[in-house]
Amino acid sequence: MNKAFSLIKLYINSVFGLSAILRDMKNNKRQALKAIGFIILILFSFSGVLAMFTLFNIKMFDMLKPTSQQGIVVLNTVIMASAFTFFVGILTVVATYFLNQEGDIILSLPLKSWNLLLAKFIVSYISELIFSFFIMATGILVYGIKNGEGFLYYIFSIIITFLIPILPLSLGYFLIIPMMKFGRIFKNKDFVMYFSGFFAILIGIIFQYFSNLMAKPDVEIMKKITSSTGFFDLAAKIYYPAILSTKALVEKGFFIKIFCLITFIIITLGCFVLLLYLMSDMYYETLIENVGERKRFLKVDLKNVIKRKNVLLSLLSREMKLMNREPVYFINGPMIIILLPVILAISFYFQKDTLMTQFKLINLKAFSYYLNLISIAGIIFLGASTSIASTCISREGKSFEFIKSLPINPKLYVLAKLLHSLIFAVLASIIILAFDIFIFKLSLLDLLLIFLVSILILAVIFILEILIELKWPKLIWDNPQKAIKQNINAVVGILGTMGFIFLLGSLVVNFNIRSYKMHFILILIFLSLLVVLYKKIILYATKRFYDIEI
């Protein structure tokens with residue numbers, strides 16, 4: 001068991017970097033404060049979602065109290081926490097399935113297969129517990145405060161909150177481990193990644209469903225909740241542990257509470273133990289196969305598989321493959337291009353009647369102009385939100401030392417990074433322009449102006465982000481997640497882009513700019529900036545490339 005605990009500690013330090021933060025608190029307080037501030041910033045970014053859930057639960061409690069059905073607030077919270085934990089957990093399981101530690105060293109140690117699965121499960125559990133804790137808090141506190149619950153209610157709530165992620169995560173592993181095995185059989189290395197992308201889209205659909213449910217009138221919400229075919233009723237029938245955990249909190253009898261809590265604990269922990277018993281060996285086999293594949297690749301006769309190609313195209317192909325085949329990079333990068341428009345489309349679908357009625361009331365000429373600017377802002381935000389350019393050097397990690405030793409022209413290396421970012425910028429523009437064509441019927445001139453302005457602005461933003469990456473790359477990491485999720489350059493890139501969009505919008509609104517000359521002015525300004533910055537980055541990259549140290 002000591003070996004399992006040691007491995008758990010290793011994985012936790014690898015993923016969350018707790019040891020590094022504690023070490024920096026003693027030796028480098030500035031770096032530690034930066035890391036803590038980054039964590040606070042991430043938590044703050046979810047404040048809007050938490051506020052929405054809280055207001056929804058308050059509204060639901062007030063509607064249900066007259067009929068003494070306010071316990072549905074807790075049931076709703078448990079189902080929501082479990083559902084989101086399951087779907088987000090799928091992504092977490094995939095992203096943390098293969099960590100850098102699963103090389104020859106870890107797998108050669110005298111560890112049992114269940115040690116490896118337990119350690120990996122704990123890492124995923126901690127991530128999902130944080131997520132689940134905040135969702136549960138929005139309903140548990142609303143019900144507890146407004147219903148005047150006592151001390152025992154909050155003790156049981158804490159116990160249930162800590163147990164909530166275990167069952168959905170266990171089900172996630174029951175699903176993903178065979179999928180990993182299945183993907184290996186058919187030699188499809190990208191199979192599970194696209195599978196996880198599908199679940200990311202489902203998350204967007206579920207989130208948007210509840211966002212639009214909250215926007216409906218109170219009577220409609222009541223029908224959705226209390227109907228015998230409503231979502232919560234069906235979900236509770238499918239996922240019975242939600243009923244048990246809810247009864248443990250809202251039932252009046254003490255012994256009924258204890259019975260439901262103990263039953264919930266037995267089911268939850270029983271499923272977890274069953275996971276370790278049934279899936280540990282299969283999980284271990286997938287890790288062994290992953291290492292075996294890398295070894296087989298090293299034994300391949302390179303003369304038979306390597307073909308001479310254009311250097312720039314080869315570097316660009318390398319960028320695309322590295323981004324798309326690493327689940328963490330794919331989910332936080334290219335998947336954003338797909339996920340955000342899907343959420344937007346679902347939102348429009350649920351509110352299309354209201355929105356189209358409002359659109360008809362707006363002056364057509366003025367609306368067409370402002371729609372252009374909104375589309376430009378959407379493309380800029382969507383293109384920059386992938387963090388492809390703002391983490392382009394950091395994603396290399398320690399392998400950057402090997403890249404420097406190769407006969408690569410720094411100009412081509414940086415140009416490949418820029419082109420990689422622009423490919424997804426073009427994809428973002430195609431998606432937004434498709435909305436404009438099929439929904440708003442914009443003219444060809446409008447579409448062309450939107451595309452040119454957006455791509456030029458994004459090109460300038462990408463060059464600035466790459467310059468920052470060249471200056472301050474985050475190359476020291478032991479888990480790919482840190483290159484994106486714990487990279488201050490990515491935060492600066494996204495916040496800087498949002499700041500620019502806000503500034504541009506403020507200028508248009510405050511000065512009441514309604515002329516299409518604005519588009520041509522933006523094209524002229526950013527085309528000039530692009531020429532200047534391109535020359536700057538080529539000169540700087542040539543000098544800085546060999547000076548970067550790990």
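Throughout this passage, a residue is called buried when its relative accessible area is under 20%, exposed when it is over 50%, and partly exposed in between, with a 1.4 Å probe and protein chains only. The model is a predicted one, so local features need pLDDT of at least 70 and side-chain atom pairs count only at pLDDT 80 or more, while totals for chains, interfaces and linings use all residues. Residues are numbered from 1 along each chain as its sequence is written, and side-chain values use heavy atoms, with hydrogens and water left out.

The overall picture comes first. The protein contains 25 helices and zero strands, where helices (H or I, at least four residues) and strands (E, at least two) are DSSP runs numbered from the N terminus. Of its 550 residues, 48% count as buried. The protein exposes about 27,900 Å², and carbon and sulfur atoms supply 71% of that area; accessible areas come from the Shrake-Rupley method with a 1.4 Å probe, and for residues only the protein chains shown count as cover.

Glu 319 takes part in one with Arg 318, where the closest N and O atoms are 3.4 Å apart. Glu 319 is buried, at a relative accessible area of 4%, whereas Arg 318 is partly exposed at 26%. Glu 319 also meets the side chain of Arg 395 in a salt bridge of 3.7 Å, N to O. Because Arg 395 lies in the loop between α19 and α20 and Glu 319 in helix α16 (residues 311-325), this pair ties together parts that are 76 residues apart in sequence. Both Arg 395 and Glu 319 are buried.

A further salt bridge brings together the side chains of Lys 417 and Glu 396, at 2.7 Å from N to O. Lys 417 belongs to helix α21 and Glu 396 to the loop between α19 and α20, so the parts tied together here are 21 residues apart in sequence. Lys 417 counts as buried at 2% relative accessibility, and Glu 396 is buried at 5%. Through shared partners, salt bridges join Arg 318, Glu 319, Arg 395, Glu 396 and Lys 417 into one network.

What does His 420 touch, apart from residues up to four places away in sequence? The list consists of Leu 316, Glu 319, Met 320, Met 323, Ile 388 and Arg 395. His 420 itself is found in helix α21 (residues 410-440) and counts as buried, at 1% relative accessibility. The loop between α19 (364-384) and α20 also holds Ser 387. Ser 387 has a positive phi of about 60° although it is not a glycine, and it is buried with a relative accessible area of 5%.

Aromatic rings supply another set of links. Rings of Phe, Tyr and Trp (its six-membered ring) pair if their centres lie within 6.5 Å, and planes under 30 degrees apart count as stacked, over 60 as edge-to-face and the rest as tilted. The structure holds 13 aromatic pairs. One of them, Phe 400 with Phe 545, is edge-to-face, at 5.4 Å centre to centre and 65° between the planes. This pair links distant parts of the chain, with Phe 400 in helix α20 (residues 400-405) and Phe 545 in the segment after α25 (517-544), 145 residues apart. Phe 400 is buried at 0% relative accessible area, and Phe 545 is buried at 0%. The rings of Tyr 413 and Phe 545 have centres 5.2 Å apart and planes at 65°, so this pair is edge-to-face. Since Tyr 413 lies in helix α21 and Phe 545 in the segment after α25, the pair ties together parts 132 residues apart in sequence. Tyr 413 and Phe 545 are both buried. Elsewhere, ring pairs link Phe 61, Tyr 143, Tyr 153 and Tyr 154 into a cluster.

The buried residues of α8 are Tyr 153, Phe 156, Ser 157, Ile 160, Thr 161 and Leu 163. They cover an arc of only 155° around the axis, which puts them on the same side of α8; the arc is that of the directions from the helix axis to the C-beta atoms.

Definitions and conventions: Contact = heavy atoms within 4.5 Å. Salt bridge = Lys/Arg side-chain N within 4 Å of Asp/Glu carboxyl O.
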